[in-house]
Amino acid sequence: MRTTKEFPHRPTVAVDVLGPIRLTISPPARLGDQAGADPGVGAGGGEVVVRQRLVRALAVRLALARGEAVADDILVRDLWGDEELARPAARLRVLASRLRGVLGDHAPALRRTAAGFSLDAAPADLVAVEKAMGPLDEARRSGDQARVHAAAAAALAHWRGDPLVDLNDVPFVVAEQRRLESLRLELQLAWIETGLSLNIATVRPELERLTTRHPLHERLVGLSAVALARAGDHQGALSRLDTLRRTLADELGIDPSPETVSLEQRLRQDTSAAAAPVTKVSLPQASKSFVGRGHEYAELLARVARPCAVTLTGGPGVGKTRLAREVATSEQDRGREVNWLDLAPLGESDNLTAALIAALGVDGSGPDPMAICQEALSGALLVIDNAEHLVDAVVRLIEAIHWQTNGISIVVTSQRPLRLTGEEQHRVGPLAAEAGAELFCARSNAEPGPEVNTICAAVDCLPLGIELAAGLTRTLSVSQLAERIDNRLRLLVRGPRDAGLRHTSLRAALDWSHELLEKPARLTLRRLSVFAGGCTLAGAVEVLEDDELPADSIPDLLAELSDRCLLTVETNPGGGRFRLLETVRDYAVDQLQSAGEEDDVRRRHVAWCTDLVKQFDRFGGQGDTFATNPHVSVEEANLLAAVDWCLGPGAEPEKVTAIVAPLWWYWPNRGLVTEASGWLRESLPAVPADSAEYAHGLNTLASLTRYSGAFDEARELGERCLAAFRALGDDAMITVALMALTRTCMAQNNMPATLAHAQEAERRSRVVDNPPARAAALNYMGLAHRNLGRPAEATELFAAALAEWEQINDGGGCSIAWENLSIVARQMGDLSKAREFALRSLWCARESDFPMGLCSALESLGCLAALGNRYEEAVRLLAAAGQHRIRLALPVQVPDENTDLEQAWQEVRSALGPAAYTLAEASRGLPLEPLADEYLT
């Protein structure tokens, strides 16, 4: 069943798009004589005529977003296209101002948010059509032709003409018109096809009109031929099909589909029964090119060479039918009898034996029709397509034909396995990235490149998504498509002209899968959508569970969704992880919003994220002070999603600090210093200033500000943080705040203050038993002494810090200590020992996946290379490490280290001249890990 965005209230603005634009304000309001509105629209409200074309276009574009904010750059592109505009943001604000004038008293319905403009509006007639599609699909599956006919008529009644007809020249309208016309044509086909079967005369004039308008649409022309034959004009029916054949060849260079060919043959064989059932169902037409499934194709061909029952399982749009079709065509070309049974149109009440008889084209009127089927299938290949909604009946059918003893090969496509005795299962996944790009290029004539890769990745490399996206290149450039592809469920709606409803859009394919789920599985699927990066079983239980979804039912429901190929399961040493493909997740988010559950489930997700990071609220946790903790990195997408929701639609900024602050050590290593600082600056004003949470937030903000190079502000924030923790009497966090101030004073080159803060932190760390803090304090005491010209004291303190870090098995800390010992040795002239210590630092950093340690160790080796007159080696190391620091926002903050690096650069530039700049430019993109491995092997 198709879904639409539901509002918790009636939208203020209704915009009808299925014809000329019509804008209605509800409830009625006193508009007065506003700019852009007809003077006659007064206190009674109701319909408003908007004179300016682009104001109408803005209202339509925002209404199609159904209350969601649309970013400025997207609106500018959709309203003006690729035209180079002067001050586009200002033009957009002018349009928004004029639209507010049209809305009058309801101007607040148009809002400006951080994410862009949003309008409390909906495309009312389109929403009504989408809701009407549910009864239509249900009727189609039940086989009730009268109900299908009535449901299609009800949906079509909402069209008042060509969609968006008065905005033809607005860039975004082209794709929208194609989508809406495709939807209308599919409804018209359903109405006409069922009308013919019910012998309703009124459908024939409409069929003739549509056939004239779409002369190359094979389903339409075929239906018109059937109608002519039923009316007694058999020659006219054949002439129409003959004209279609010639036109397809002349204009498109293709042959008619097998269905059209079969219809023509029947008409020629028996002109008195033009609409009689097909004697045998023909195979669907195979693709002219088949990409990315070579291994699976060969493996399946080998399997069907012997009696077998193979089930191709996979999610919607993954290409199960296409793979089965290619194998069937190959077998038929070899002379084997091949039969095709498509179950998509059938429901639970349908007789599969009768469907098989019709597909085989045999006489089933005898006393034992199944025996006739067995005889017809002996030694043949039978493909049963789209079996997921009739699994039990399919199992009974397969068992009844005794496939194992009659030499029958059976291939079944289904979103879930049959669990049949003797069944072989093969899961069909998305295409590999390279194959996905090849398919897109084959269908669109595009050249491979990053934009093609972006498009394929956005549709999870699903063949259906790639095919639909490639079809849009008739009206959009590859660049334009790559920019718009994130809105994949709305954009990818135009499938092949002879495809059924399920293959006209990604949403239709997902609707089919969703409708097959029972209520608990639907609940599970839509609630899982809040997990941006997947989840563990424990995380799923904590966020999904409530009275409707008991905790003990969730493991089985996750297994069911996995069986139905809507959920992937990744296994690793830490346990299983459940993940939705992004296309499925987009769809599930829509379902969550439509069910009115999004706010509640997302609040639970935020609470789960908050609990997750609490384990790291004491200096990184468990000795993992600086290195990127894998337990955090695997959940990063979830953490960022929670932050985005709290600062955006959730409007709960006060919850962000509790997620961001404990990970002060994580964000720099991920290159997210600027982003995390922004989150805290937006969140902290909403947190009580006398709370521990506020103090923690100040501590993290001070650290991030120091990393960004704003040392004076970082010190002011650090002193406020220290005062806050002293007021709270939190001894452990006083130690942490002191360490933050120590680092800031070091960056300011204030060695007395650095030493004083580090000494107090070291004393306190022993009292509160915080070994990581003590190690860091000893290290900074050593740095202060080293910068004050006291190498002996510095060496002793670095050695003590190293012992502490080794005791708690902190590889990142050990890397720092060895690096500092290396620098002391180098400054004292002992280059051999300096190189030994630098290599130990590099090894610790590499083993603990510590980016900052890699940078520092390679820089030390670069300085040593410069001192040893190995200038080209020095440039490679210094340029690569320096560029990586820029990427991670991790500048060198120790004064004597900066001095050493500047001196090394001066030496290589003096020795190499301009070649130093050329070599540095070529070295900046070098990845650090392989560079480090050169020294460690």
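**Exercise 1.** Find the residue with which Arg-306 forms a salt bridge, and work out which parts of the chain this pair ties together.

*Solution.* In this predicted model, Arg-306 forms a salt bridge with Glu-424, and the closest N and O atoms are 3.2 Å apart.

**Exercise 2.** Locate Arg-826 and Asp-900, and decide whether they are buried or exposed.

*Solution.* Begin with the contact itself, a salt bridge in which the side chains of Arg-826 and Asp-900 meet at 2.7 Å, N to O. This pair links distant parts of the chain, since Arg-826 sits in helix α38 (residues 811-827) and Asp-900 in helix α42 (residues 895-912), 74 residues apart. As for accessibility, both Arg-826 and Asp-900 are buried.

**Exercise 3.** Describe the pair Arg-184 and Glu-181, and classify each residue by its accessibility.

*Solution.* The side chains of these two residues, Arg-184 and Glu-181, form a salt bridge at 3.1 Å, N to O. Both are found in helix α6 (residues 173-197), where they stand 3 residues apart, about one turn of the helix. Because buried means under 20% relative accessible area, Arg-184, with a value of 11%, is buried, whereas Glu-181, at 21%, counts as partly exposed.

Definitions and conventions:
Residues numbered from 1 in each chain as written. Predicted model: local features only at pLDDT ≥ 70, side-chain atom pairs only at ≥ 80, totals over all residues. Heavy atoms only, no water. Salt bridge = Lys/Arg side-chain N within 4 Å of Asp/Glu carboxyl O. Helix = DSSP H or I, 4+ residues; strand = E, 2+ residues; numbered from the N terminus. Buried < 20%, exposed > 50% of the residue type's maximum accessible area, 1.4 Å probe, protein only.
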